[in-house]
Amino acid sequence: MPELPEVETVMRGLEPALVGQTIAKVEVKRADLRFPFPENFAEKLTGRRVERLERRAKYILAFLDDDTVWLSHLGMTGRFTVFGHDGGGKNLAEFYFQSGSEDAGNGKNDHVVLHLSNGTLIVYTDPRRFGIMDHFSLSEMADHKLLANLGVEPLGNQLNGAYLAEKFAGKKAPLKASLLDQKTIAGLGNIYVCEALFRAGLSPKRQSSSLSRHGKATEKTEELVQTVRACLNEAILAGGSTLSDYADANGNEGSFQQRFDVYDRENEPCRRKGCGGTVRRIVQSGRSTFYCPKCQK
Ligand SMILES: [Zn+2]
């Protein structure tokens with residue numbers, strides 16, 4: 001499932017193709033993805049110029065020139081492919097994070113096709129159809145059901161030690177659960193929480209309130225904020241390089257998967273120098289947690 005870094009990479013990949021361009025024609029090939037498409041979805045996008053893209057949590061927001069917003073969420077298997085106008089539909093760049101992309105542009109799982117006025121095609125492909133698309137006016141955005149209750153962006157300035165300390169004060173829930181709470185931090189997923197906790201040397205089972213001393217941040221709180229950012233930023237950089245390599249190489253998975261220190265490494269040796277521990281997997285709120293019980297306290 002695409003996590004925040006992948007979504008950020010997709011958005012950055014779409015930017016040069018979409019921003020400043022006018023959508024000349026839209027084909028919507030089915031009635032729904034995870035939810036029905038909005039009424040007259042194709043008509044609403046047609047003729048609009050894309051002014052800018054933004055990522056909020058795992059949503060990609062395209063701001064259009066009539067003060068409306070086109071929202072996309074990649075769900076589990078969603079991806080965008082950009083087909084250039086110069087090579088007779090040659091695949092210029094593909095922004096995806098699942099293997100098995102050979103069908104993009106071939107029809108079966110292509111659910112939305114945007115024809116830009118410069119001839120570029122933007123194709124949305126989603127075999128499992130857990131993706132979401134919506135369209136609404138800018139004035140409705142703050143109250144939009146998918147956006148209204150989101151916490152702060154993990155890469156934005158609003159996430160800092162003081163913010164977490166305030167949120168975690170008196171909280172008995174395990175630290176991992178609190179970090180996954182989308183009302184606290186938006187778009188932070190399972191993999192990166194595991195990795196950030198490892199780097200900070202914090203146990204996922206520790207009480208959240210232990211990172212709040214009289215409502216104030218401790219050194220560990222600040223460190224955790226830094227490791228959350230570092231994990232995400234590194235993954236974004238890796239995702240970016242994977243994408244630009246894609247046209248030459250044969251695609252396949254992002255290189256950052258190999259960089260995980262604990263995620264999906266059950267029973268493998270801990271990578272912290274001198275630790276000698278073993279990575280364990282436990283289940284917390286129905287999700288796998290990977291951590292080293294020896295050096296994460
Ligand atoms: Zn360890």
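Tyr192, Phe260, Tyr263 and Phe290 form one aromatic cluster, where rings of Phe, Tyr and Trp (its six-membered ring) are taken to pair if their centres lie within 6.5 Å, with planes under 30 degrees apart counted as stacked, over 60 as edge-to-face and the rest as tilted. The structure is a predicted model, in which local features need pLDDT of at least 70 and side-chain atom pairs count only at pLDDT 80 or more, whereas totals for chains, interfaces and linings use all residues. Residues are numbered from 1 along each chain as its sequence is written, and side-chain values use heavy atoms, with hydrogens and water left out.

By the ring-pairing rule, the count comes to 6 aromatic pairs. Trp70 and Phe80 form an edge-to-face pair, with 6.3 Å from centre to centre and 85° between the planes. Trp70 lies in strand S4 (residues 68–73) and Phe80 in strand S5, so the pair ties together parts that are 10 residues apart in sequence; strands (E, at least two residues) and helices (H or I, at least four) are DSSP runs numbered from the N terminus. Both Trp70 and Phe80 are buried, a term that denotes under 20% relative accessible area, with exposed meaning over 50% and partly exposed in between (1.4 Å probe, protein chains only). Phe260 and Tyr263 also form an edge-to-face pair, at 5.7 Å centre to centre and with 80° between the planes. Of these two residues, Phe260 is buried, with a relative accessible area of 8%, whereas Tyr263 is partly exposed, at 21%.

The chain contains 6 helices and 13 strands, and 52% of its 297 residues count as buried. Among contacts (heavy atoms within 4.5 Å) between residues at least 6 apart in sequence, 64% join residues at least 24 apart.

In soluble globular proteins, nonpolar side chains tend to be buried together.

Leu64 is found in strand S3 and counts as buried, at 1% relative accessibility. Leaving aside neighbours within four places in sequence, Leu64 is in contact with Leu45, Arg48, Arg49, Val50, Glu51, Trp70 and His135. Leu64 and Glu51 are 13 residues apart in sequence, with 5.5 Å between their C-alpha atoms.

The zinc ion is coordinated by the SG atoms of Cys270, Cys275, Cys292 and Cys295, at 2.2 to 2.3 Å; donors are N, O and S atoms within 2.8 Å of the metal (3.2 Å for Na, K and Ca), and sites may look incomplete because water is not among the atoms. The 4 donor atoms subtend angles of 104 to 114°, which makes the arrangement tetrahedral, a label given to four donors if all angles lie between 85 and 135 degrees. Along the chain, the donors follow the spacing C-x4-C-x16-C-x2-C. Cys270, in the loop between helix H6 (219–246) and strand S12 (280–284), and Cys292, in the segment after strand S13 (287–291), are 22 residues apart and link distant parts of the chain. Cys270 is buried, with a relative accessible area of 10%, and Cys292 is likewise buried, at 0%.

Methods: Four donors count as tetrahedral if all angles lie between 85 and 135 degrees; four count as square planar and six as octahedral if opposite donors are over 155 degrees apart and all others between 65 and 115; anything else is irregular.
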